[in-house]
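Q: I have a model open and want to go through how it packs. Can we start with the helices?

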Amino acid sequence: MIKIEDNLRSMQPIIYKQLEKTMKKNQLTHAYLFEGVSGTGKKDMALWVAASLFCQKPIDNLPCKECTSCSRVLKQVHPDVIEIAPDGLSIKVEQVRQLKAEFSKSGVEGQQKVFIIEDAEKMTAGAANSLLKFLEEPNGKAIAFLLTTAKQRLLPTILSRCQLIHFRNLSKQRLLDELEKKELSNQQSALLIHLTNSLETAILMSQDEWFIEASKIGYKWFIQIVNKKAESFIFVQTDVMPHFKERDHYLLAIDLLLLAYRDVLKTHYKVVDQLAYPQHSEQIGNIAEQFSGEKLSYSIEILLQSRKKLESNVNAQGVFEQLTLLLIRG
Ligand SMILES: [Zn+2]
């Protein structure tokens with residue numbers, strides 16, 4: 001239980017300080033919008049603030065984290081801390097109505113209530129409007145925490161009624177540490193932190209057989225290209241295209257090549273940084289010795305141009321074949 005604070009303090013130091021100050025001054029507002037990618041501590045932060053409102057032995061208005069009230073809030077079993085999450089694809093108006101009905105009763109154990117709305121951007125217009133009315137009648141005894149990864153999808157009217165707090169992406173190192181806790185191998189984590197900022201997305205990708213195979217194909221393609229093998233051109237047709245089948249896949253294919261080239265460039269210039277492919281560091285070291293920095297930069301430029309082409313609706317196989325030829329030849 002005590003760990004939650006250390007974790008939040010190191011994950012989101014600025015927000016932690018800001019909220020700590022607000023709690024000490026007893027100046028919490030009635031609606032917060034916590035915005036940021038998954039895995040950045042939004043829910044834990046909401047629970048920590050909520051605990052301060054129910055704590056039996058608060059220290060300077062901060063939660064003690066040890067009393068039964070704190071413990072129940074943090075374990076998400078407190079009857080006056082109500083959580084709403086999408087029912088299927090959306091948060092429906094009935095769910096908000098229920099929440100408001102709940103609100104109109106006095107708290108089960110006191111007057112204080114806390115609402116935590118997960119994926120708040122998934123509220124239907126009806127649900128959002130219904131919630132608006134609640135936010136428009138601020139009641140000193142209720143606080144709502146709206147959590148979202150997609151602020152731009154919330155109605156402006158909702159945004160204007162909440163205090164917005166932006167949760168920063170985790171640093172690559174921090175994300176790496178979190179993935180290690182989830183028992184991902186260093187090899188998996190190293191690649192994933194270069195492809196996403198989101199802890200949740202990284203974990204999902206690590207379990208995705210398609211992605212695991214994709215990353216192998218990407219690296220194999222890279223090796224054939226740097227070895228200037230003519231087969232790498234055929235490889236596009238025999239291995240790349242059958243596996244990478246839609247726009248997101250095409251972009252990932254390019255990103256996998258880009259990351260390998262960046263690893264080589266970093267190694268070439270002896271930049272100390274986490275490699276995307278640490279398991280191949282020796283091979284990458286050998287490649288780094290074979291190429292000039294200029295040639296490597298040129299290759300990266302070709303890949304970036306190819307990525308741009310793929311973002312618009314250009315034939316993927318054509319782009320892949322062309323970039324392979326340019327890279328082998330260059
Ligand atoms: Zn307590």
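Q: In which hand does H12 pass H16, left-handed or right-handed?
A: H12 passes H16 in a right-handed crossing; a crossing counts as right-handed if the near helix is turned clockwise from the far one by less than a right angle, and left-handed if anticlockwise. Helices here are DSSP runs of H or I, at least four residues, numbered from the N terminus.

Q: Which residues make the contact?
A: From H12, Ser 232, Phe 233, Val 236, Val 240 and Met 241; from H16, Gln 317, Phe 320, Glu 321, Thr 324, Leu 325 and Ile 328. Contact means C-beta atoms, placed from the backbone, within 7 Å.

Q: What should I know about the model and numbering?
A: It is a predicted model: local features need pLDDT of at least 70, side-chain atom pairs count only at pLDDT 80 or more, and totals for chains, interfaces and linings use all residues. Residues are numbered from 1 along each chain as its sequence is written.

Q: New topic: which residues touch the most other members of the largest nonpolar core?
A: Phe 34, Ala 46, Ala 50, Phe 115, Ile 117, Phe 145 and Leu 146, out of 44 residues. Such a core is a set of buried Ala, Val, Leu, Ile, Met, Phe, Trp, Tyr and Cys residues joined through C-beta atoms within 7 Å, buried meaning 20 or more other C-beta atoms within 10 Å of a residue's own.

Q: Which helix gives the most to this core?
A: Helix H3 (residues 42-54), with 9 residues.

Q: And what does Ala 46 contact?
A: Beyond neighbours within four places in sequence, Ala 46 is in contact with Phe 34, Ile 116, Phe 145 and Leu 147.

Q: How many residues are in the second core?
A: That separate core has 42 residues, including Leu 199 and Tyr 261.

Notes: Helices (H or I, at least four residues) and strands (E, at least two) are DSSP runs, numbered from the N terminus. Two residues are in contact if their C-beta atoms, placed from the backbone, lie within 7 Å. A residue is buried if 20 or more other C-beta atoms lie within 10 Å of its own, exposed if 12 or fewer, and partly exposed in between; C-beta atoms are placed from the backbone.
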